[in-house]
Amino acid sequence: MNKTDRLLAIVLELQGRKVVRAEDLAALFETSVRTIYRDIQAISEAGVPIIGTTGTGYSLMEGYFLPPISFTIEEAVTLLIGTDFIEHRFDNDYRDRAKAARRKIEATLSDGVRNESSRIRKALRLLAPGKQAALSNERDNLDKIRRVILDGRKIRFHYSKKSTDSTGSHHSDRTVAPYGLVLVEGSWMLVAYCDLRHDIRHFRLARMSELVELEERFELPVHFDLREYTPRDDRHLRVLLRFNHDLADKVKESNYHYIEEMIEHQAGLDVVLRVRQLDELLQWVLGWGAGVIVLEPELFRNKIREEALKISERY
């Protein structure tokens, strides 16, 4: 990065944050603190009102805002792809905002950059996974949950799970305090404190129905930060599968989230998975037909055998 680009980047960094230390700027731009001191002086001499406080850092004078700047083709494409992604995966409110943002971004571009970025975007396409009905339900829930998170209110909904709970049921009614939303492998998940389980739980928005916004309010725990949050790993059951060689590439491309390790050898592709309940793997394993065999545990081998017999009896 040359000096001119660095000076502009420093101003943008100051504009986006309240106070920035010289040491942090030096680390960000991979230069010395002494160089940052000189850069700050050059920016100040150019008329940008920077306030420096000993022991604290630098900040921009309140009310100062850098006028709009031009985008490179790569930057424009990046921003426009971002609006495309939001339009595909967010609720209707944000979809409309994404369209408006796209129009504003395109309006700031020169003819050359606009034409070139349009050409590049036509060579890229985002496909939303899943059926439209499921996506519609997910988006409706996303819109409601996003609003109640901002309002600090609880929600109640009916939830359907793939695996059964301790009572043997696939369904339950939950009242939760919604902490945040996370997009995981193309599906929206709610991280929330569940009144039923008295703990933080995760819920797929596509499996929610009859969602009701409650008047009851909650306060987000002081120690909770969604950006730093890591769910505890309670997948204690280890499963070992062996796939035929002709399925190896498809298994690798599946990116199945329970897969922990894959080893290819002369006998086939060995895949190690970890799950909470064996039922979570049942449909996935059966979907590979005779091309896979369960090596362990024996309990899961028996379960697959029983399902295969039931299938055989139906034919």
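I10 lies in helix α1, which spans residues 3-16; helices here are DSSP runs of H or I with at least four residues, strands are runs of E with at least two, and both are numbered from the N terminus. The model is a predicted one, in which local features need pLDDT of at least 70 and side-chain atom pairs count only at pLDDT 80 or more, while totals for chains, interfaces and linings use all residues. Residues are numbered from 1 along each chain as its sequence is written, and side-chain values use heavy atoms, with hydrogens and water left out.

With a relative accessible area of 0%, I10 is buried, where buried means under 20% relative accessible area, exposed means over 50% and partly exposed lies in between (1.4 Å probe, protein chains only). Not counting residues up to four places away in sequence, I10 touches L25, F29, I36, D39, I40 and I43, a contact being heavy atoms within 4.5 Å. The C-alpha atoms of I10 and A192, which are 182 residues apart along the chain, are separated by 38 Å. S59, in strand β2 (residues 57-60), also counts as buried, at 16% relative accessibility, and its contacts, leaving aside neighbours within four places in sequence, are L14, K18, V19, P49, I50 and I51.

Two helix pairs are set out in the table. Axes are lines fitted to C-alpha atoms, for helices over the stretch in contact, and angles run from 0 to 180 degrees between N-to-C directions.

| Helix pair | Axis separation | Crossing angle |
|---|---|---|
| α4 (residues 73-89) and α6 (residues 111-122) | 9 Å apart | about 50° |
| α9 (residues 279-286) and α10 (residues 298-314) | within 11 Å | roughly 55° |

The angle of about 50° makes α4 oblique to α6, and α9 and α10 are likewise oblique to each other; angles under 35 degrees count as roughly parallel, over 145 as roughly antiparallel, 65 to 115 as roughly perpendicular and the rest as oblique.

In the second pair, D279, L281, L282, V285 and L286 of α9 meet F300, K303, I304 and E307 of α10, with 6 nonpolar, no polar and 3 charged residues.

The largest nonpolar core has 23 residues, and L241, F243, L273, L281, W284, V285 and F300 have the most contacts inside it; such a core is a set of buried Ala, Val, Leu, Ile, Met, Phe, Trp, Tyr and Cys residues joined through side-chain atoms within 4.5 Å. Elements giving two or more residues to this core include β8 (237-243), β10 (268-275), α9 and α10. L273 is in contact with residues including L237, V239, L241, Y256, L281 and W284, its neighbours within four places in sequence being left aside.

Some backbone features complete the account. A cis peptide bond, with omega about 5°, joins E296 and P297, and P297 is placed in the loop between β11 and α10. E210, in strand β7 (residues 208-217), has a positive phi of about 55° although it is not a glycine, and E210 is exposed at 64% relative accessibility.

Conventions
Nonpolar A, V, L, I, M, F, W, Y, C, P; charged D, E, K, R; others polar.
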